[in-house]
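Welcome, and please open your viewer. We will go from stop to stop, selecting a few residues each time and looking at what is there.

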Amino acid sequence: MPAPPPGGPTRPARRRWPALAASLLLVAAASAAISPPSADAATTPVAVTVNARAGLATVPDTALGVNQAIWDQNLATDETSDLLRAAGVRMLRYPGGSYGDIYHWKTHTAPGGYVAPNTDFDTFMAGARRVGAQPMIIANYGTGTPAEAAEWVRYANVTKGYGAKYWAVGNENYGNGHYGAAWEADDHPDKSASQYARLVVDYADAMKAVDPTIKVGAVLTMPGNWPDGITAGSDPGPWNQTVLSIAGQKIDFVDVHWYPGGTAAESLARTAHIDDAAHLLRQQIARYAGAGAERIGISFTELNVDAGRTTQPGALFLADAYTDLLENGVFTVQWWNVHNGIGTISQVAGHTDYGDFGILSSGNCTADGSVCQPPLNTPFAPYHGLSMMNLFVRPGDQLVRAGTDEPLVTAHAARRPNGDLAVLLVNKDPDDAHPVEIDYAGFTPSSAAPTTHTHTNGATAIATGASGSATSRVLPPYSLTTLVLRPADAVTGQPGAPGRPTAAAVTDRAATISWPAASPGRSPIAKYEVYRQNGTVSEQLGETSGTALAVGNLVPGTRYTVNVVTRDTAGRVSWSSPPLTFTTDSPAASTCAVRFGRTTDWGNGYVGAVDIVNKGADPIDGWTLTWTWPTAWQQVNSGWSATWEQVGRTVRATSTADNRRLPGGGGSTSVGFVGGYGGPNVPPTGFTLNGVPCTVL
């Protein structure tokens, strides 16, 4: 959920009541038609770089998912299931968003909500099996009990033998009124984050007593989205911190939702938030969930947009966001949802948008009958975006680093076990085609025309053929394009990739990287090479014949992502290891120290407090404190006890007449500011005082 407006957040209609029923209460307001975009190509080619040796996450078999809901009478029909199977869906969530907190599986009832016929759990599982998808089940937290959830596990996995592995405790339970906004059912007198976490422990204990093999998840919120950063009542911290610190030892994954909001252009741009949000989320898990926190997975079980839900912006967002999340190691991403029903009618990118959160048409009409959707199960644009994902990545593929020099064009890539490379290109420009020139590192494409899959604005299917070259082409406006490339030369006998690296002895300037040994191929292993990902460029940090490398000359307070590759005596190179991300410390010994803190966070802004300490022997007469924000959406809006200036991402706070002198040996001062953020609020990790790097307290 985006940051709330004054007076608290508003709630999309789809969350509490299914649009299939609620659409009878809606009055459509069709907007004026928009002229179709021009297809004029931009003149300067976009530079696309694909680095096949900068490995990211491996695609899991649960990657591509979507939601099912008990108000949808077409939930598990053969036609619906076959369409989902054709789109590559591998995980289905049940019983449907906020309905998960009012649904009682045994009686197949949801007091206060609508339950369609032929939507019970067994029917859902029959449909999931026809699709070939694993279930993700919401255990009722709001109006249920741990005992009820445990009975469901017993029925599913002991009585019926369904092997349902993933169970989340509740849905968006931070929306129970604890932070002022209430859309989620919660019958517990104590609605705090602490109470939710304590009961998650009870749910996990009860459910795993029945089947110890299941995975139990807890609800968290997306960093940078409401109510991230807000502490309420007697909780020890914000929602995520509280839930992880109490329930972290009992859960196997965390469950997060994301609706970026805004116009089509704004939501498409906000996929840039994902890398930092995932980084913050993993930091929170590592910091608060206790020992062994690295075992905890991340699922994103609801995504959608505000503008262009059934038209091309939805498809572009789906493909871009799914891939970005999978690159960050999320084990499943799930669209909201299969069928939802007609909403507010508008014109988006030259086509009718039905305001429907579903990927398939429900075939219904506005209350006055003036506008009707296409026939039941007609695919909307996001369905084609999901189908494109199925053509782009497969379970077992390794996503690799790709990027462009044009914000309106994004690129992703994946290596396949057979040696092929797939490249996904997203043109977010509604008006112009963009020529692209693609450069490859660690992969040499065949001169043959690549297999090309394209979905353009308004198209009712993905066009597939073999055309063009691997290095240049023109992307139509508002389009998705996947290239599948064969290597120029088949390489066999290469060594295996090293295992996941770890970092130890991390200081401000150095770290020791170690990794599990690789298996040799046709020739003996000669050495391992360690590379840093610097955008799409791999910078070699060193090499060794062993399985550990001490690296130096690092920059204090800097985030590093590294990979390791194996090279054998014949020169063959492996796939890269999984990535390792770590942040260097601040200097342990410095003549200055800084403490950076946040108070009174309201979800898109906060009061910041900065303490500055002169640890040197000599006094300081006049000072400037400098730091750089990690993202472009963070800023200082106003401040006190210093003269504040921000240029780009760089912040400078300069002393005033009252505090310019800091005595040696511990003289200090405190300054403050009002900060704002429009995405994940990543704290700065490096500070300098008069140009000297400071210890961060």
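Where is the place of Pro520? Select Pro520 and you will find it in the loop between β21 (511–514) and β22 (525–534). Strands here are DSSP runs of E with at least two residues, and helices are runs of H or I with at least four residues, both numbered from the N terminus.

Before moving on, a word about the model: it is predicted, so local features need pLDDT of at least 70 and side-chain atom pairs count only at pLDDT 80 or more, while totals for chains, interfaces and linings use all residues. Residues are numbered from 1 along each chain as its sequence is written, and side-chain values use heavy atoms, with hydrogens and water left out.

**Around Pro520**

Stay with Pro520 and show its surface. Pro520 counts as exposed because its relative accessibility is 54%; exposed means over 50% relative accessible area, buried under 20%, and partly exposed in between (1.4 Å probe, protein chains only).

How many disulfides does a search of the whole structure find? It finds two, where a disulfide is a pair of cysteine sulfur atoms within 2.5 Å. Select Cys365 and Cys372, which are joined with an S to S distance of 1.9 Å. The torsion about their S-S bond is about 100 degrees, so this disulfide is right-handed. Cys365 is partly exposed at 28% relative accessible area, and Cys372 is partly exposed at 37%.

**The other disulfide**

Next, select Cys592 and Cys694, joined at an S to S distance of 2.0 Å. This pair links distant parts of the chain, 102 residues apart: Cys592 lies in strand β27, and Cys694 in the loop between β37 (692–693) and β38. Here the torsion is about -100 degrees, so the disulfide is left-handed. Both Cys592 and Cys694 are buried.

**Into the sheet**

From Cys592, color the whole of β27 (residues 592–599) and then β38: two bridges join these strands, which run parallel. Look for Ala593, which stands opposite Thr695 in β38. Strands pair if DSSP finds at least two bridges between them. Finally, show the open sheet of five strands, in the order β31-β35-β28-β27-β38, with mixed pairing. At its edges are β31 (634–640) and β38 (695–696), each pairing on one side only.
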